[in-house]
Amino acid sequence: MPRTTPTPRCPIRVGEPCSLCFPGATGPQDCGLVYLVQSDPEWREQLADKRREVQARRPAS
Ligand code: SF4
C-alpha cells in the first residue's frame, strides 16, 4: 500500500490546503501571514468567526 504524506491545511484560507503562497513559508507552522493573523486579537476573532461559518455550512456526517 503506497504511503502518502498528509497535506497541511491553511489556517487562513479555511478548508483549503496550504499552497505555500507566503514567501519563505514551508507550511502553516512558519507562515508569516498565519503568525500575523494569530498575533492580532481582532483578526484572530474574525478567523474564528470564519471557521464557525464554514463549519456550519458543512453537512453533518
Ligand atoms: S503559506 Fe500561509 S497563507 Fe499561504 S496557504 Fe500556506 S498557511 Fe496559508
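The side chains of R52 and D49 meet in a salt bridge, with N and O 2.6 Å apart; a salt bridge is counted where a side-chain nitrogen of Lys or Arg lies within 4 Å of a carboxyl oxygen of Asp or Glu. The model is predicted, with local features requiring pLDDT of at least 70 and side-chain atom pairs pLDDT 80 or more, while totals for chains, interfaces and linings use all residues. Residues are numbered from 1 along each chain as its sequence is written, and side-chain values use heavy atoms, with hydrogens and water left out.

Both R52 and D49 belong to helix α2 (residues 41–57), where they are three residues apart, about one turn of the helix. Helices (H or I, at least four residues) and strands (E, at least two) are DSSP runs, numbered from the N terminus. R52 is partly exposed, with a relative accessible area of 48%, and D49 is also partly exposed, at 38%. In these terms, buried means under 20% relative accessible area, exposed means over 50%, and partly exposed lies in between, for a 1.4 Å probe and protein chains only. Together with E45, the residues D49 and R52 are linked in a network of salt bridges.

A second pair in helix α2 consists of R57 and E53, which are four residues apart, about one turn of the helix. Their closest N and O atoms are 3.0 Å apart, and the two residues form a salt bridge. R57 is exposed, with a relative accessible area of 58%, whereas E53 is partly exposed at 42%. A further salt bridge joins E16 to R13, with the closest N and O atoms 3.1 Å apart. Both partners are partly exposed: the relative accessible area is 37% for E16 and 31% for R13. The count of salt bridges comes to five. Side chains of opposite charge can pair when their charged atoms come close.

The protein chain contains two helices and zero strands. Its radius of gyration is 14 Å, whereas a compact globule of 61 residues would have a value near 10 Å. This radius is taken over C-alpha atoms, and the globule rule is 2.2 Å times the number of residues to the power 0.38. Along the principal axes, the C-alpha atoms fill a box of roughly 45 × 35 × 15 Å. Of the 61 residues, 16% count as buried.

One of the buried residues is V54, with a relative accessible area of 14%. V54 is placed in helix α2. The C-alpha atoms of V54 and G15 are 7.8 Å apart in space, although the two residues are 39 apart in sequence.

The ligand is surrounded by 13 residues, of which the closest are C10, C18, S19, C21 and C31. A residue is taken as near a molecule when one of its heavy atoms lies within 4 Å of that molecule. By class, this shell holds 11 nonpolar residues, one polar residue and one charged residue. Ala, Val, Leu, Ile, Met, Phe, Trp, Tyr, Cys and Pro count as nonpolar, Asp, Glu, Lys and Arg as charged, and the others, Gly among them, as polar.

Several residues in the segment before α1 were also examined. L20 lies in this segment and has a phi near 55°, a positive value in a residue other than glycine. Most residues other than glycine have a negative phi. L20 counts as partly exposed, at 48% relative accessibility. F22 is found in the segment before α1 and is partly exposed at 29%. Between F22 and V34, 12 residues apart in sequence, the C-alpha to C-alpha distance is 9.4 Å. G24, also in the segment before α1, is exposed, with a relative accessible area of 72%. The C-alpha atoms of G24 and E42 are separated by 25 Å, and these residues are 18 apart along the chain.

On the surface, L33, L36 and W43 form a nonpolar patch with about 280 Å² of accessible area together. Patches are made of residues with over 30% relative accessible area and no salt bridge; like charges are joined within 9 Å, and nonpolar side chains (Val, Leu, Ile, Met, Phe, Trp, Tyr) within 5 Å. Accessible areas come from the Shrake-Rupley method with a 1.4 Å probe, and for residues only the protein chains shown count as cover. L36 is located in helix α1 (residues 32–39) and counts as partly exposed, at 45% relative accessibility.
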